[in-house]
Amino acid sequence: PYTGGHLWRVSRYAHLLATAAGLSAPEAARISLGGFLHDLGKIGIADAILRKTSALTDDEYAVVKTHPEQGLRMLAGHPLASLVREAIYSHHERPDGKGYPRGLSGSELHIDARIVGLCDAFDAMTSSRPYRAGMSRGQALAIIQGQSGSQFDPQLSERFLELGRQGVLDH
């Protein structure tokens, strides 16, 4: 149930952010679909790791970090895979180059990945998990503001913060 809700929320946030960033309706729809499918590769991660209620070991975290590549492999050969490729494969990349799986930075990051990555992080911060309670939207927005330019694209961060100020992110 958590994963289904997470995918739906990331998809909705991604559509809102893409629209606020001035992207066209077809682009926003593509990014929304990428938001819904971004964690597809977690199907290949053992439930014992995904549902663990304590901190992950380094080895377990290394397994979790394979989900973008697993998701990309799962879609290989699908005629519409190109629509969501970047959202699935690159949503954990960061403007400062400290993300994974490729360590991309700055303009190397596709807009789909930048939007889905930010929305994924926001939902992860504000959602309760078995091992921790979710934080308030205000706290999560403050983190996004503080990480703007390093973990998150600065222009998209500002648009997202504005959506938060407008109450659009309340759910």
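Is Asp96 buried, partly exposed or exposed, and what is its relative accessible area? Please go on from there to the salt bridges.

Reply: This is a predicted model, in which local features need pLDDT of at least 70 and side-chain atom pairs count only at pLDDT 80 or more, while totals for chains, interfaces and linings use all residues. Residues are numbered from 1 along each chain as its sequence is written, and side-chain values use heavy atoms, with hydrogens and water left out.

Asp96 is partly exposed, with a relative accessible area of 27%; buried means under 20%, exposed over 50%, and partly exposed in between, using a 1.4 Å probe and protein chains only. Asp96 forms a salt bridge with Arg94, where the closest N and O atoms are 2.6 Å apart. A salt bridge here is a side-chain nitrogen of Lys or Arg within 4 Å of a carboxyl oxygen of Asp or Glu, and the structure holds 11 of them.

Another of these pairs joins the side chains of Arg102 and Glu86, at 3.5 Å from N to O. Arg102 lies in the loop between α6 (81-90) and α7, whereas Glu86 is in helix α6, so the pair ties together parts that are 16 residues apart in sequence; helices are DSSP runs (H or I, at least four residues), numbered from the N terminus. Arg102 counts as partly exposed, at 36% relative accessibility, and a network of salt bridges links Arg85, Glu86 and Arg102. Elsewhere, the side chains of Lys52 and Glu60 meet in a salt bridge of 2.6 Å, N to O.

Notes
Helix = DSSP H or I, 4+ residues; strand = E, 2+ residues; numbered from the N terminus.
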